[in-house]
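The following report describes one protein chain, part by part. Please keep the sequence and the structure in view while reading.

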Amino acid sequence: MNNQLSDRINSLTPSATLEMAAKARELRAAGKDIIGLSLGEPDFNTPEYIKDAAIQAINDDYNAYTPVDGYVELKKAIITKFKRDNNLTYEPSQIVVSTGAKQSLYNVAQAMINKGDEVILPCPYWVSYADIVQLSDGVPVEVPTSLENDFKMTPEELEAAITPKTKMLWYSSPCNPSGSIYSKEELRALADVLQKYPQIIVVSDEIYEHINYGVTKHASMAEFEDMYDRTVTVNGVAKAFAMTGWRIGYIGAPSYIARACNKLQGQVTSGANCIAQRAVITALEESPDRIQYMVDEFKKRRKLILDLLNDIPGFKCNEPEGAFYVYPDVTAYFGKTLNGTKINNASDFAMYLLEHANVATVTGDAFGNGNCIRISYAASVKEIEEAIARIKKALL
């Protein structure tokens with residue numbers, strides 16, 4: 001009955017991360033012992049002080065519809081957070097709270113992109129960027145980067161990708177899937193290129209901001225005075241606060257973009273969940289130091305997984321500076337046959353690991369870079385050690 005569905009939905013690619021997670025669940029249901037390193041989800045519980053705020057909100061009878069763009073108190077907390085952590089000054093009219101940062105991104109795309117507009121995506125990029133752009137009738141323009149340059153786009157690469165149709169640039173820092181972080185100096189160099197093209201709007205996805213291992217200080221494109229009115233800063237609480245299921249994201253943006261996102265959201269989902277919003281007020285008002293214990297643990301796991309992967313012939317890794325993923329180049333296995341399975345690309349390799357090592361990863365094809373796979377280390381030390389041991393054995 002696909003002929004009854006819209007061309008829009010028939011052309012939409014399923015999320016590769018969610019698809020791999022679903023396959024892993026199916027195999028577990030069939031009795032397979034699958035270790036899941038595919039989803040970008042912390043394995044910590046939401047901190048107690050945040051849960052306590054949610055419980056208090058329930059007891060205080062928060063149960064009614066919320067303002068479309070978020071509670072006033074939450075918008076104030078977001079404004080305080082932006083000033084404290086990013087040296088960014090916003091007014092309430094520039095803030096829109098949504099049901100997750102994914103909705104924030106979708107709102108911006110729908111509000112800004114016309115048919116045929118081009119959106120530059122440095123590769124690798126988060127799995128949903130290209131599809132969100134295409135759903136908005138835009139054209140994703142992928143800019144390849146290299147492992148040797150920590151998967152970061154250079155000013156020369158950016159300028160070469162710009163055409164008269166370029167409308168936007170989207171990137172994440174720290175990056176999902178590579179863990180790379182653009183320094184303030186690197187962002188300034190990109191901003192210098194963008195000064196020649198005043199029509200280009202930037203989306204800076206900073207959802208992994210606080211998962212930073214201290215090598216490169218976090219920087220925001222909107223910090224630059226000449227980019228502030230051209231930048232949408234996207235953030236949320238899913239990753240650093242272990243609140244993936246609470247579904248709260250937000251933007252700081254020029255007022256006209258924020259108004260457009262508010263207008264769209266009012267016709268689609270309206271305001272985000274009331275209890276989640278009250279909890280996020282507490283999450284953002286408290287010092288980020290209160291979640292440092294999770295970052296410290298991720299840093300230990302990063303060292304562990306890199307040490308283990310670097311001991312497997314054919315895996316080529318850089319050292320991610322943030323987030324909780326490694327993104328190894330596995331092209332050494334392309335063209336080989338392993339246990340009767342021909343490995344032609346990263347998708348074949350990821351499926352081979354699922355079927356022969358019982359480990360779920362994600363193909364790099366989903367992130368615009370077909371040379372790599374993404375492996376999450378948001379898992380216990382025991383799971384990481386066992387998973388990499390299985391991978392190593394399956395590749396011998």
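Predicted model: local features only at pLDDT ≥ 70, side-chain atom pairs only at ≥ 80, totals over all residues.

Where is the place of Asn87? Asn87 sits in the loop between α4 and β2.

**Backbone features in loops**

Most residues other than glycine have a negative phi, and most peptide bonds are trans. Asn339 also has a positive phi, near 50°, and is likewise a residue other than glycine. Asn339 belongs to the loop between β10 (337-338) and β11 (341-342).

Are these two residues buried or exposed? Asn87 counts as exposed because its relative accessibility, 53%, is over the cut-off of 50%. Asn339, with a relative accessible area of 57%, is exposed by the same cut-off of over 50%.

Two peptide bonds in the chain are described here as cis. One runs from Cys123 to Pro124, with omega near 0°, and Pro124 is placed in the loop between β3 (118-122) and α6 (129-135). The other runs from Ser173 to Pro174, with omega near -5°. Pro174 lies in the loop between β5 (166-172) and α8 (184-194).

| Residue or bond | Angle | Value |
|---|---|---|
| Asn339 | phi | near 50° |
| Cys123 to Pro124 | omega | near 0° |
| Ser173 to Pro174 | omega | near -5° |

**The sheet and a helix across it**

In what order do the strands of the open sheet follow one another? The open sheet is formed by 7 strands, in the order β2-β8-β7-β6-β5-β3-β4, and their pairing is mixed. Its edge strands, β2 (95-98) and β4 (139-143), each pair on one side only. From one strand to the next, the twist averages 20°.

Within this sheet, β7 (residues 231-236) and β8 (residues 249-252) run antiparallel and are joined by 4 bridges. Helix α9 (residues 255-266) lies across β2, β6 (201-205), β7 and β8, and runs at about 30° to β2.

**Domains and nonpolar cores**

The chain is divided into domain 1 (7-45 + 291-395) and domain 2 (48-287). The C-alpha centres of the two domains lie 25 Å apart. Their contact takes 36 residues from domain 1 and 35 residues from domain 2. In an unreviewed entry, UniProt lists residues 32-391 as "domain: Aminotransferase class I/classII large". Over residues 32-391, the chain is 36% helix and 14% strand, with the end C-alpha atoms 16 Å apart.

In soluble globular proteins, nonpolar side chains tend to be buried together. In this model, the largest nonpolar core has 116 residues, and those with the most contacts inside it are Trp170, Phe241, Phe315 and Leu395. Helix α10 (residues 274-285) gives the most to this core, with 8 residues. Why does the core lie between domain 1 and domain 2? Both domains give residues to the core, so the core lies between them.

Phe315 shows such surroundings in detail. With its neighbours within four places in sequence left aside, Phe315 is in contact with residues including Leu309, Pro328, Tyr333, Phe349, Ile391 and Leu395. A second, separate core of 21 residues includes Leu169, Val202, Ala219 and Phe224.

**Two buried residues**

Asp69 lies in the loop between α3 (48-59) and α4 (72-86). Asp69 is buried because its relative accessible area of 18% is under the cut-off of 20%. Apart from neighbours within four places in sequence, Asp69 is in contact with Lys75, Ile95, Val96, Val97 and Asn262.

Ala53 is found in helix α3. With a relative accessible area of 14%, Ala53 falls under the cut-off of 20% and is therefore buried. Leaving aside neighbours within four places in sequence, Ala53 is in contact with Arg278, Ala279 and Thr282. Ala53 and Lys382 are 329 residues apart in sequence, and their C-alpha atoms are 32 Å apart in space.

Terms used: Residues numbered from 1 in each chain as written. Heavy atoms only, no water. Pairing = 2+ DSSP bridges. Axes fitted to C-alpha atoms, helices over the stretch in contact; angles between N-to-C directions. Contact = heavy atoms within 4.5 Å. UniProt positions renumbered as here; feature names shortened; annotations may be inferred. Core = buried A, V, L, I, M, F, W, Y, C linked by side-chain atoms within 4.5 Å. Buried < 20%, exposed > 50% of the residue type's maximum accessible area, 1.4 Å probe, protein only. Domains from an automatic or database assignment.
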